[in-house]
Amino acid sequence: MEFLQPTSWGEALAAKAARPEAVPIAGGTDVMVELNFDARRPDALIDLTRVPDLAEWAVDGSRIRLGAGVSYTRVIDELGDPLPGLAMAARTVGSPQIRNRGTVGGNLGAASPAGDSHPPLLAAGAEIEVASVRGVRTIPAGDFYTGVKRNALAEDELIAAVLIPQAAGPQQFSKIGTRNAMVIAVASFCISLNAADRTAGTGIGSAAPTPRRAIDAEIFLAGALAEQGLWESRADLPESVVSEFGEKVRAAASPVDDVRGTAAYRLHGLAVMARRTLTWAWDALQTGG
Ligand SMILES: Cc1cc2nc3c(=O)[nH]c(=O)nc-3n(C[C@H](O)[C@H](O)[C@H](O)COP(=O)(O)OP(=O)(O)OC[C@H]3O[C@@H](n4cnc5c(N)ncnc54)[C@H](O)[C@@H]3O)c2cc1C
């Protein structure tokens with residue numbers, strides 16, 4: 001197996017163009033598992049850890065441009081304020097060792113329906129910046145996941161960064177697992193309340209072939225809050241709004257039975273997580289959090 005080690009972004013894109021079958025490796029926490037279990041035997045790996053640009057993040061207007069190679073540990077330590085949903089999700093990933101190596105770009109590359117980055121990226125309205133020697137394009141997170149462990153990358157493209165709007169209100173993430181650490185989600189959910197433009201964002205994980213938004217639930221919630229003047233008054237949420245939101249999130253999912261849980265449990269859990277995260281986020285809005 002060849003091990004290609006570009007030291008610049010230009011070299012990395014040239015390597016991917018010349019060898020489209022080569023597998024990029026960032027933290028290696030997915031790739032090395034696949035190699036060790038012989039699930040994959042690529043002719044070449046492209047090591048991205050020596051490309052400095054990928055490990056950087058920067059403020060880009062109202063968004064954070066998060067380099068694909070930024071680790072979960074850095075998201076937690078450095079980006080909790082502008083990206084609270086992603087930081088909460090990052091805290092639930094694996095163990096400290098996995099969080100030190102694992103990256104958001106790697107989570108997107110793997111595109112597992114259970115990946116923890118995806119619900120907060122969907123809820124925040126993130127875009128994925130991808131590049132090849134042919135140029136750069138951005139893909140809304142909602143269009144990036146194309147099937148189970150499949151994404152919208154062309155064979156010569158690499159993920160450069162994720163463009164994530166800075167939070168304009170409270171965000172909450174919740175994940176069901178069989179224990180508190182080192183656990184792949186049975187189901188997960190993220191909500192973003194955007195007080196500035198009076199919209200709500202959602203992201204569902206591990207309860208459909210791809211991570212996905214609950215669009216009807218978003219529209220319902222933003223409409224109910226507007227109709228009842230709640231964005232202004234910040235009065236307590238009516239129970240009917242909370243429970244209807246939970247039902248609409250449940251209706252957006254299409255889970256399967258598998259070793260981690262049944263479809264029925266996932267649907268039930270999603271409705272519970274949707275109600276809880278909405279309540280937590282609304283509490284934060286009421287108290288100015
Ligand atoms: C013990 C253990 C626990 C785990 N727990 C969790 C968990 O709780 N939650 C969770 O979501 N995941 C978990 N994972 C999975 C893994 O850690 C994450 O998916 C992580 O985000 C992968 O990032 P990485 O940098 O290690 O990716 P890699 O393993 O380096 O790459 C993953 C995939 O992305 C591709 N890739 C990487 N970078 C790029 C790029 N810039 N452009 C294009 N393609 C790219 C690779 O080719 C590969 O297909 C766990 C893994 C292990 C081993």
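Colleague: Is I159 buried or exposed?

Modeller: I159 is buried, because its relative accessible area is 9%; buried means under 20%, exposed over 50% and partly exposed in between, with a 1.4 Å probe and protein chains only. The model is a predicted one, in which local features need pLDDT of at least 70, side-chain atom pairs count only at pLDDT 80 or more, and totals for chains, interfaces and linings use all residues. Residues are numbered from 1 along each chain as its sequence is written, and side-chain values use heavy atoms, with hydrogens and water left out.

Colleague: Which element holds I159?

Modeller: I159 lies in strand 10. Helices (H or I, at least four residues) and strands (E, at least two) are DSSP runs, numbered from the N terminus.

Colleague: How far apart are I159 and T138?

Modeller: They are 21 residues apart in sequence and 9.7 Å apart in space, C-alpha to C-alpha.

Colleague: Turning to the ligand, which residues come nearest?

Modeller: P24, T29, D30, Y72 and T103 come nearest, out of 34 residues around the ligand. A residue counts as near if one of its heavy atoms lies within 4 Å.

Colleague: What is the make-up of that shell by class?

Modeller: The shell has 18 nonpolar, eleven polar and five charged residues. Here Ala, Val, Leu, Ile, Met, Phe, Trp, Tyr, Cys and Pro count as nonpolar, Asp, Glu, Lys and Arg as charged, and the others, Gly among them, as polar.

Colleague: How much of the ligand does the protein bury?

Modeller: The protein buries 90% of the 980 Å² that the ligand exposes when taken alone. Accessible areas come from the Shrake-Rupley method with a 1.4 Å probe, and for residues only the protein chains shown count as cover.

Colleague: Which elements give two or more residues to the shell?

Modeller: They are strand 2 (23-25), helix 2 (31-36), helix 5 (96-101), helix 6 (104-110) and strand 10 (158-165). Helix 6 gives the most, with four residues.

Colleague: Let us move to helix 4. How many of its residues are buried?

Modeller: Seven of the eight residues in helix 4 (residues 84-91) are buried. They are P84, G85, L86, A87, M88, A89 and A90.

Colleague: And the aromatic pairs, how many are there?

Modeller: There are three aromatic pairs in the structure. One of them joins F144 and Y145, edge-to-face, at 5.8 Å centre to centre with 85° between the planes. Rings of Phe, Tyr and Trp (its six-membered ring) pair if their centres lie within 6.5 Å; planes under 30 degrees apart count as stacked, over 60 as edge-to-face and the rest as tilted.

Colleague: Are F144 and Y145 buried or exposed?

Modeller: Both are buried.

Colleague: What sits over the ring of F220?

Modeller: The charged end of K248 does, 5.7 Å from the ring centre. The criterion is that NZ of Lys or CZ of Arg is within 6 Å of the ring centre and within 35 degrees of the ring normal.

Colleague: Now the backbone. What is the phi of D38?

Modeller: Phi of D38 is near 60°, a positive value in a residue other than glycine. Most residues other than glycine have a negative phi. D38 belongs to the loop between helix 2 and strand 3 (44-47), and D38 counts as exposed because its relative accessibility is 54%.

Colleague: What about R234, where is that?

Modeller: R234 is in the loop between helix 10 (230-233) and helix 11 (239-252). Its phi is near 55°, again positive, and R234 is partly exposed, because its relative accessible area is 32%.

Colleague: Lastly, why does A214 count as buried?

Modeller: A214 counts as buried because its relative accessibility is 0%. A214 is placed in the loop between strand 13 (199-205) and helix 9 (215-227).
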